[in-house]
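Here is a short tour of charged pairs and a greasy patch. Have the sequence and the model open as you read.

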Amino acid sequence: MNKKIFTVLIISLWFSFSTLAQEKFTLSGSITDSQSNETLIGVNVIVPEIQSGTMTNEYGFYSITLPKGTYEIQISYLGFKTISETIVLNTDMTKSFKLQETAESLDEVVIKENVEKLNIKKPQMSVNALSIQTIKNMPVVLGEVDVIKSITLLPGVTNAGEGASGFNVRGGAADQNLILLDEATIFNSSHLFGFFSVFNPDAIKDIKLYKGGIPAKYGGRVSSVLDIYQKEGNSSEFHMNGGIGLISSRLLAEGPIKKEKGSFLFGGRSSYAHLFLPLFDIDNVAYFYDLNTKLSYRLNERNSIFLSGYFGRDVFNIQDSFENTYGNTVVNFRWNHLFSDKLFSNLSLIYSDYYYGLDLNFVGFEWESYIRNFNVKYDLKHYISNNFKLEYGLNSIYYKFNPGEINPNTEDSGINPFKLIDKYAFENAVYIDAEHKLSNRLSVSYGARFSTFHRLGQDELNIYEDDNPVVFNEALGIYEKAEPTGTESFSRTDVIESFANIEPRFAIAYQLNDNSSVKASYNRMSQYLHLLSNTSSPTPLDVWTPSGKYVEPQLLDQVALGYFRTFEDNMFSLEIETFYKKIQNRIDYIDGADLIANNAIEQVILNGEARAYGLEVLLRKNEGRLKGWLAYTLSRSEQRTPGRTPIETGINNGEWYKTPFDKTHDISLTASYTLNKKWSFSSNFLFQTGLPATFPDGQYEFNGIVIPSYEARNSSRLPAYHRLDLSVNYNPKPDSQKRFKGQWVFGLYNVYNRRNAANISFRENRMSGTNEAVRLAIFGIVPSVSYNFKF
């Protein structure tokens, strides 16, 4: 028996050494669109003989290391023709591919067999990707394609309803989402107070939403990451495309700076419905505009540079007596460098700004506030072997916060200038992430992010007794502002407070068979910035504040478990995930908190905790005339702020209560049907549990004044939200060989005219003297028509 064991051991060792001794070579390169020369993200590079493969990164680069030999390489990407090429690999080889876009025939299978199987094997979970074409086909309000509204049709993603900005992921707040455009932070993702998103769909190339198992290269928010990349521009020939709608239009131009080496892209959008308001004797004005730009240039085979930017503004004016202006500005310079066929790097220098301005002519003053950051990122991806990849890098961000400044706008206004104290901070991080294929069935990813945050010196900081800016009035049973005992001043280089956190990330995937797998993930994340808002969705007036002496950073721990399966040769796919997350130091507000123009915001906030848990189901149909998905989320989102001592009651008596964005049930059905080359149809149906609300449950009279009393916080709900949307796409000349091509899009939002409640207020009926509830609805049925073109 011992002799047999020894023989088996010798054979195993010989096999291992012979495998290691095999000559291996690296195949690397980039994959682009054959027409525009645009790099493609997430293209599958598959080697069927050894059941292995890789994907292109954010800049279209791939690298795979294989034993010496002859292989068939398959390149597959949604919406493009799959190509196969035989490669004789006997030395390191650089090989780039160009994919042809396919006009998908009704019975043609575009996504080939191995594409989804590769994704099933990867440990990454809780991530959703939408193609820009899918988003453009969805019915939308007023005919304006909306990236943010589209992602709310995915499981685990909601918002606060019509006319609400931002979005909520897995029970998190809107400020807990990291929104990136070409790696630059976007602080406000909405135009016109939430009716439209800031993203021009014609300028967007790739969209990914990470809800859990978030890679270590991302940090700074505790709920999700929405990572959006702009197109680079066509380096082969000049093109223009755009759209004309009822209230807004857009135009985008792209072309070569130097053919096959450099390209430019300029895109603009603007609304113009306000131009027609004077016809109805309405003096008010509300409009938005934005500009997208990008310059790309390939210096040589190993170096490329990019300069991208975004500028957007919203203007809201009421009879020339009140004007509100706000928006984002971002600029990003990036340098891609290829150290070798296995080591790819990207250096980014980023400027980001969010500005809010208010001009109150009727009282004679103007108000402005902003948040600015300067960001340096250096990321590297190391393709060490076919089974082991590393990503690592560093990130430094300098912040300046201007909470608000008031100045007179006329000489005789009588208003004295006043400025809230500027705040400064410095955030740093280093990270490393590994993706490791342990066997044909088992893959893991693991890593960590080490982040630090330094609250830098400011002109003046309040001092409180026992460092406690909020005190509890035991006699009245309420929290009150503490009186400062003094102030202290700092130089800009002083550090008022520092924080450091290690943020581990881990994910594992086990393939049960060729068509299914189970996955699990854990991640910890830190958030050092907080949005001060006591509304259910962000408003432009909300102010960001950094962590510091009296405000702790938010810390998230999230676990998720999922089952993933494909059916009928990938025609259908099923994703089922369950998650639980807990957040420490979630900001809560004392009753009656005043957040606007408050120079001592620490006096009205308390640190609490939040938790969310739920089940998500996503069933997709990926091919054929009829495509779409059914998404369902069952979840609970709660928070609590217990008393700091046995005497204190805490917020809501220290008990858990529903967050303002908790929705127990969330169902969305999205479908598109291609009748022929000319006609296609799309529809959405949504049903959501109503948002939590706090209603009065009684009233009392004091000194002749009727004062309402309220129930426990968020213990009631608005009525359920539901609606049906339809759209029709008509392409009059689908086979035309002319450069100019046009398409009509007809839409009907909220087909059965459901008056969904944005809120419910209470008032006294003047006729009867009784109290009554009044529902505010934003939209009923809304028809739309738009014309899209390209040449």
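Is D206 buried or exposed? D206 is buried, with a relative accessible area of 12%; buried here means under 20% relative accessible area, exposed means over 50%, and partly exposed is in between (1.4 Å probe, protein chains only).

**Before you dig in**

This is a predicted model, where local features need pLDDT of at least 70, side-chain atom pairs count only at pLDDT 80 or more, and totals for chains, interfaces and linings use all residues. Residues are numbered from 1 along each chain as its sequence is written, and side-chain values use heavy atoms, with hydrogens and water left out.

**Salt bridges, starting with D206**

D206 pairs up with K208 in a salt bridge, and their closest N and O atoms are 3.5 Å apart. The term covers a side-chain nitrogen of Lys or Arg within 4 Å of a carboxyl oxygen of Asp or Glu. K208 counts as partly exposed because its relative accessibility is 23%.

Going by that rule, you get 41 salt bridges. Some charged residues also join up in a network: E58, K217, K381 and E391 are linked this way by salt bridges.

**Pairs that reach across the chain**

Take D175 and R586, whose side chains meet in a salt bridge at 3.6 Å, N to O. This pair links distant parts of the chain, 411 residues apart: D175 sits in the loop between β11 (168–169) and β12 (177–181), while R586 is in strand β39 (residues 572–589). Strands (E, at least two residues) and helices (H or I, at least four) are DSSP runs, numbered from the N terminus. Both D175 and R586 are buried.

R334 and D182 make another such pair, with a salt bridge of 3.5 Å, N to O. Here R334 lies in strand β23 (residues 322–340) and D182 in the loop between β12 and β13 (184–185), 152 residues apart. R334 is buried, at a relative accessible area of 1%, and D182 also counts as buried at 1% relative accessibility.

**The greasy patch**

Which residues make the nonpolar surface patch of about 730 Å²? They are I257, F266, L295, L307, V331, F333, W335, L349 and V376. Patches take residues with over 30% relative accessible area and no salt bridge, joining nonpolar side chains (Val, Leu, Ile, Met, Phe, Trp, Tyr) within 5 Å and like charges within 9 Å. The areas come from the Shrake-Rupley method with a 1.4 Å probe, and for residues only the protein chains shown count as cover.

Strand β23 gives the most to this patch, with three residues. F333 is found in β23, and F333 counts as partly exposed at 32% relative accessibility.
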